[in-house]
Amino acid sequence: MPDLESFIRALPKAELHLHIEGSLEPEMVFDLARKHGVTLKYPTVEALRAAYDFHDLQSFLDIYYAGADVLREESDFYDMTAAYLTRAHADGVVHTEIFFDPQTHTERGIAMGVVIGGISRALKDAETRYGITSRLILCFLRHLSEESAMQALEQALAFRDQFVAVGLDSSEKGHPPSKFARVFARARAEGLLAVAHAGEEGPPAYIREALGQLKVVRIDHGVRCEEDAALVQRLATEQIPLTVCPLSNIRLKVFPRMADHNLGRLLQQGLCVTVNSDDPAYFGGYVLANYMAVAKALALSRAQLRQLARNSITASFLDAPAKQHWLARIDAFDEVES
Ligand code: HPA
Ligand code: ZN
């Protein structure tokens, strides 16, 4: 029997909750800062990494937005995305659905085409190089106004063929999904799918709102659903996927310790939970590290780990033949590997 890490790495997996700006490693932050003559608040890579000591979502977001300021040219977005895809491929990720935050960049005067162009070019090259497939999801920053989100959507529609869905991220508390109902309606009218962060720090009511008002097909995080038994039942019955990010949840103090994480319980109740890395450069690990952390802390069986991999494929935006292909690979893997 292969060791746990080899087993998880070899499982075909999709990553469905990854903020590309959150894959910007401190070394690249420094390289880009040097390239563009930007003075950083921290003198060294080590000092910057040491600042990644978060106590909640907002304390992380403040550093995350500051880090993204070094992204200025198309090649910066390309290099960041290419680096992520190389790491994801090494972890056995076969398909990835990537969030990007256009407002973080357009508000600094970076053109939408520079952002989407650099990311998309890296996605294409990685598919050629590694066979890894991908989709892009445009995320609105919920701490900004609905007008700002609508403007970002209108600008991005010039590149409509390069993204498949819209999402909602940033500071959750005090910014309910209902604030963006009209923007999401406009996006859906354009044929875009919808997802939203909900129930990370915010209450279960935000998950209900995201489903009811934004008509999302997946919930990002969603772990606070557990406080509402009827909602848990609904998520299980309707098989609405949750993109859970274990290391993120510990680093942002959503759960005190990994042993307290509810992923195992949600899985046992039949929810379509998936494992993802969120902002891997900030939270201490990519997809494989996230699977390893929950596998160990929650003593997940290999059958449960295969179920998580299956869920990631089922919950993805891949077409039916591609899903069939990967699910068959996971099933075949069952017989050979365990
Ligand atoms: N939550 C909300 N906004 C974010 C996150 C997150 O985990 N990561 C990047 N933006
Ligand atoms: Zn996230």
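Helix α7 gives the most to the lining of the second largest cavity, with 5 residues. That cavity is one of 2 cavities of 30 Å³ or more in this predicted model. The largest cavity holds ligand 1.

**Second largest cavity**
- The space inside comes to about 50 Å³.
- Its lining is made of Y78, A82, L85, T86, A122, D125, A126, R129 and Y130.
- Two helices, α5 (74-90) and α7 (112-130), each supply at least two residues of this lining.
- By type, the lining has 6 nonpolar, 1 polar and 2 charged residues.

**Largest cavity**
- About 100 Å³ of space lies here.
- The lining counts 14 residues, and H19, L57, F60, L61 and H197 lie nearest the centre.
- Helix α4 gives the most to this lining, with 4 residues.
- The lining divides into 6 nonpolar, 4 polar and 4 charged residues.

**Around ligand 1**
- The residues around ligand 1 are H19, L57, F60, L61, Y64, D169, S170, H197, E200, H221, D278 and D279.
- Helix α4 (residues 57-68) brings the largest share of this shell, 4 residues.

**Polar contacts of ligand 1**
- A side-chain N or O atom of E200 lies 2.8 Å from a nitrogen atom of ligand 1.
- For H221, a side-chain N or O atom is 3.1 Å from an oxygen atom of the ligand.
- D278 places a polar side-chain atom 2.7 Å from an oxygen atom of ligand 1.
- On its own, ligand 1 has 260 Å² of accessible area, and the protein covers 100% of it.

Note on methods
Residues are numbered from 1 along each chain as its sequence is written. Chains are lettered from A and ligands numbered from 1 in the order in which they are written. This is a predicted model: local features need pLDDT of at least 70, side-chain atom pairs count only at pLDDT 80 or more; totals for chains, interfaces and linings use all residues. Side-chain values use heavy atoms; hydrogens and water are left out. A residue is near a molecule or strand if one of its heavy atoms lies within 4 Å of it. A polar contact is a pair of N or O atoms within 3.5 Å; within protein, one must be able to donate a hydrogen and the other to accept it, and residues adjacent in sequence count only if both atoms are side-chain atoms. Accessible areas come from the Shrake-Rupley method with a 1.4 Å probe; for residues, only the protein chains shown count as cover. On a 1 Å grid over the protein atoms alone, a cavity is a set of points where a 1.4 Å probe fits but cannot get out, and a pocket is an open set with protein on both sides within 12 Å along at least five of seven lines; lining residues have an atom within 4 Å of a point. A molecule sits in a cavity or pocket if more than half of its atoms lie within 2 Å of its grid points. Grid points are joined across faces, edges and corners, and a volume is the space filled by probe spheres set on the points. Ala, Val, Leu, Ile, Met, Phe, Trp, Tyr, Cys and Pro count as nonpolar, Asp, Glu, Lys and Arg as charged, and the others, Gly among them, as polar.
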